Amino acid sequence: MSALQVGYPLVTVLVCLVDNQIYGVMIDSMAEYLAKQMKTKEYRSLCFNCLSQLVTSYLVRSKGALSSPHIAAWLDKYVKPVLASARKGGIPAQEQQEFVSNVADLHPDYCIGSIVPDLLASDSSEAQLIALRVLQLVVTSVPQDSAAGAEQRASLAKRSTALAAESGVNHLGRQMVQVGHTGCNKVCDIGHRVPASDKENQLNLHQNLCGP
């Protein structure tokens, strides 16, 4: 194990733990450094995982101000370029999905409004699948035991389907946002709606979504 494999995660944890007085400066410096290091293929996965931890820390510590334009600007500066770099290779789809899912858990509005459209607009079927699975996560995570929860769930489902439709994967997107209501049988039907040119995605979709 190289010094970088130990050093980067250690410094990342220390940055996440500093007090509020220096947190802003430290996390900006660390995120910028790691984002630059991702350009080097052999460090890409390591830096990606460290950046995921930084983003999670930033959102947790900013929980009371998530509607602030400053938060969205910070995420735009680091999250979007990092995900674009990850799609160039070297980062497994599962790690990319975990990264996006963490953002969705902590800031669903930003995820649906900024990250998911980029993924759906990608030429990569893998990126589109990540986007749709995250949309499913967001929609199905809304509590159903209250009128407010039901209203929010319906609103998110509507936005999710609209995003998928705008990106040219409307049938897949529509089926995905209905998964929470209809279960695995509905997911299995998605494979028949995937474009015929995407044979690999069509073959593996059920397994990716529902497991072996």
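Me: At what angle do helix α5 and helix α6 pack, and how far apart are their axes?
Reply: About 150°, with the axes 7 Å apart. Helix α5 covers residues 93-106 and helix α6 covers residues 108-120. Axes here are lines fitted to C-alpha atoms, for helices over the stretch in contact, and angles run from 0 to 180 degrees between N-to-C directions. Helices are DSSP runs of H or I, at least four residues, numbered from the N terminus.

Me: Parallel or antiparallel?
Reply: That angle makes α5 roughly antiparallel to α6. The label applies over 145 degrees; under 35 is roughly parallel, 65 to 115 roughly perpendicular, and the rest oblique.

Me: What's the source of the model, and how are residues numbered?
Reply: This is a predicted model: local features need pLDDT of at least 70, side-chain atom pairs count only at pLDDT 80 or more, and totals for chains, interfaces and linings use all residues. Residues are numbered from 1 along each chain as its sequence is written, and side-chain values use heavy atoms, leaving out hydrogens and water.

Me: Back to the helix pair. Left-handed or right-handed crossing?
Reply: The crossing of α5 and α6 is left-handed. That term means the near helix is turned anticlockwise from the far one by less than a right angle; clockwise would be right-handed.

Me: Which residues meet there?
Reply: From α5, V100, V103, A104, D105 and L106. They meet P108, Y110, C111, I115 and L119 in α6. Contact means heavy atoms within 4.5 Å.

Me: How many are nonpolar, polar or charged?
Reply: The contact of α5 with α6 has 9 nonpolar, no polar and 1 charged residues. Nonpolar covers Ala, Val, Leu, Ile, Met, Phe, Trp, Tyr, Cys and Pro; charged covers Asp, Glu, Lys and Arg; the others, Gly among them, are polar.

Me: Where does V116 sit, and is it buried or exposed?
Reply: V116 lies in helix α6. At 1% relative accessibility, V116 counts as buried. The cut-offs: buried is under 20% relative accessible area, exposed over 50%, partly exposed in between (1.4 Å probe, protein chains only).

Me: How far is V116 from V100?
Reply: They are 8.7 Å apart, C-alpha to C-alpha, and 16 residues apart in sequence.

Me: And Q97, what does that touch?
Reply: Q97 touches I130, R133 and V134, not counting residues up to four places away in sequence. Q97 lies in helix α5. Q97 is buried, at 14% relative accessible area.

Me: New topic. How many salt bridges?
Reply: The count comes to 3. The rule is a side-chain nitrogen of Lys or Arg within 4 Å of a carboxyl oxygen of Asp or Glu.

Me: Which residue pairs with K36?
Reply: E32, at 3.7 Å, N to O. Both lie in helix α2 (residues 20-37), 4 residues apart, about one turn of the helix. E32 is partly exposed, at 36%.

Me: What about K80 and D76?
Reply: K80 forms a salt bridge with D76, closest N and O atoms 3.9 Å apart. Both lie in helix α4 (residues 69-86), 4 residues apart. K80 is partly exposed at 29%, and D76 is partly exposed at 34%.

Me: Where does D118 come in?
Reply: D118 forms a salt bridge with K80, closest N and O atoms 3.8 Å apart. This pair links distant parts of the chain, with D118 in helix α6 and K80 in helix α4, 38 residues apart. Shared partners join D76, K80 and D118 into one network.

How values were computed: Helices (H or I, at least four residues) and strands (E, at least two) are DSSP runs, numbered from the N terminus.
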